[in-house]
Amino acid sequence: MATIFSARALLPVIVSFTLLGYGANATGLGVFQHDFSATFSLKTRGTLIGKTDWTLINTSGDELIFESKSKAAGIAAFITNDHIVESSIWKRQEKSLVPYSYKYDRSGGKKEKRVTVDFDWSQGVARNTAKGKTWTMSIPEGTLDKLSYVLVMMHDLETGRGDLRYQIADGGKLKVYQFKTIGEEILDTVFGKLSTEKIKRIRDDKRQTTYWCAPALSYLPVKVEHREKDGSVITLIIETVEGIPTD
């Protein structure tokens, strides 16, 4: 049973893998010009424990909405009914996109949690709300939320930007997420064999997160592996994708 309870504890970590405030030109955003959706399975030791859906929507106005929905599945569904919904909203400002609002909602299980982060670029601050309290933190230009940095990384890989380093408004603090390319690998996927770039997050602790990003899918991660300090591993594996032009 240790494996099952370890998987339950790590579920919020992997689904939080859980934009573009650095002046990206809106006419050169590649995949961000297209609505897309992708579904993933979450596994530990080959056993299904969850499902995750990603969607990106361009609204009829000036907004883009990226959403991640995750829930327990397989054997994990017998011990928890957790649902985690994260959303990130960006607004177009002239020829750039900037993060506007981030929301996190965990429900259905024993530990419910709701968090919002509102970006006020005119004041250079982010307002965090959790447990009925709101506090403000200063943010520099280019700050992102903790969900959509994955999309920014896709964009940067596609455009050849080498510095995969991002400032994230996370838990009322400004954190730096840094990544590096560690090689290439061909994976067997539901789409057949895909060439991927392996991207590893640089961390100060023993946790490890590695992304396999496929150039043929605009560098969408087709596999993500997260290893905790105790050696527990959860793997995110792509199942379907719609809307992303393939090479």
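Predicted model: local features only at pLDDT ≥ 70, side-chain atom pairs only at ≥ 80, totals over all residues.
Local features are described at pLDDT of at least 70 and side-chain atom pairs at pLDDT 80 or more, while totals for chains, interfaces and linings use all residues. Residues are numbered from 1 along each chain as its sequence is written, and side-chain values use heavy atoms, with hydrogens and water left out.

Start with the whole chain. It holds 2 helices and 15 strands. The chain has 247 residues, and 46% of them count as buried. Buried means under 20% relative accessible area, exposed means over 50%, and partly exposed lies in between (1.4 Å probe, protein chains only). The accessible surface is about 12,200 Å², and carbon and sulfur atoms account for 47% of that. Areas come from the Shrake-Rupley method with a 1.4 Å probe; for residues, only the protein chains shown count as cover.

Now go inside. In soluble globular proteins, nonpolar side chains tend to be buried together. Here the largest nonpolar core has 54 residues, and Phe179, Tyr211 and Leu220 touch the most other members. Helix H2 (residues 149–158) gives the most to this core, with 7 residues. A nonpolar core is a set of buried Ala, Val, Leu, Ile, Met, Phe, Trp, Tyr and Cys residues joined through side-chain atoms within 4.5 Å. H2 is largely enclosed by the rest of the structure, because 9 of its 10 residues are buried. Among them are Tyr149, Met154, His155 and Asp156. Just after H2, Gly160 takes a positive phi of about 80°. Leaving aside residues up to four places away in sequence, its contacts include Phe36, Trp54, Met154, Trp212 and Ile244. Contact means heavy atoms within 4.5 Å.

Next, the rings. A pair of aromatic rings is described by the distance of the centres and the angle of the planes. Rings of Phe, Tyr and Trp (its six-membered ring) pair if their centres lie within 6.5 Å; planes under 30 degrees apart are stacked, over 60 edge-to-face, and the rest tilted. The count comes to 7 aromatic pairs. Phe119 and Trp121 are stacked, at 5.8 Å centre to centre with 10° between the planes. Phe119 is buried, with a relative accessible area of 6%. Trp121 is partly exposed at 24%. Phe179 is buried at 4% relative accessible area, and Tyr211 is buried at 1%. Ring pairs also join Tyr149, Tyr166, Tyr177, Phe179 and Tyr211 into a cluster.

Turn to the strands. E5 and E6 (residues 113–120) pair in the antiparallel sense over 6 bridges. Strands pair if DSSP finds at least two bridges between them. Lys103 has Thr116 in E6 as its bridge partner. The two strands form a hairpin with 5 residues between them, and Gly108 in the turn has a positive phi of about 90°. E6 then pairs with E7 (residues 125–130), again antiparallel and over 6 bridges. Asp120 stands opposite Val125 in E7. This hairpin has 4 residues between its strands, and Gly124 takes a positive phi near 70°.

Arg106 lies in strand E5 (residues 96–107). It counts as buried, because its relative accessibility is 15%. Its side chain makes a 2.8 Å polar contact with the side chain of Asp82. It also reaches the backbone oxygen of Lys111 at 3.5 Å. A polar contact is a pair of N or O atoms within 3.5 Å; within protein, one must be able to donate a hydrogen and the other to accept it, and residues adjacent in sequence count only if both atoms are side-chain atoms.

Finish in the loops. Most residues other than glycine have a negative phi, and most peptide bonds are trans. Arg45, not a glycine, has a positive phi of about 50°. It lies in the loop between strand E1 (36–44) and E2, and is exposed at 73% relative accessibility. Tyr219 also has a positive phi, about 65°. Its place is the loop between strand E13 (208–214) and E14, and at 13% relative accessibility it is buried.
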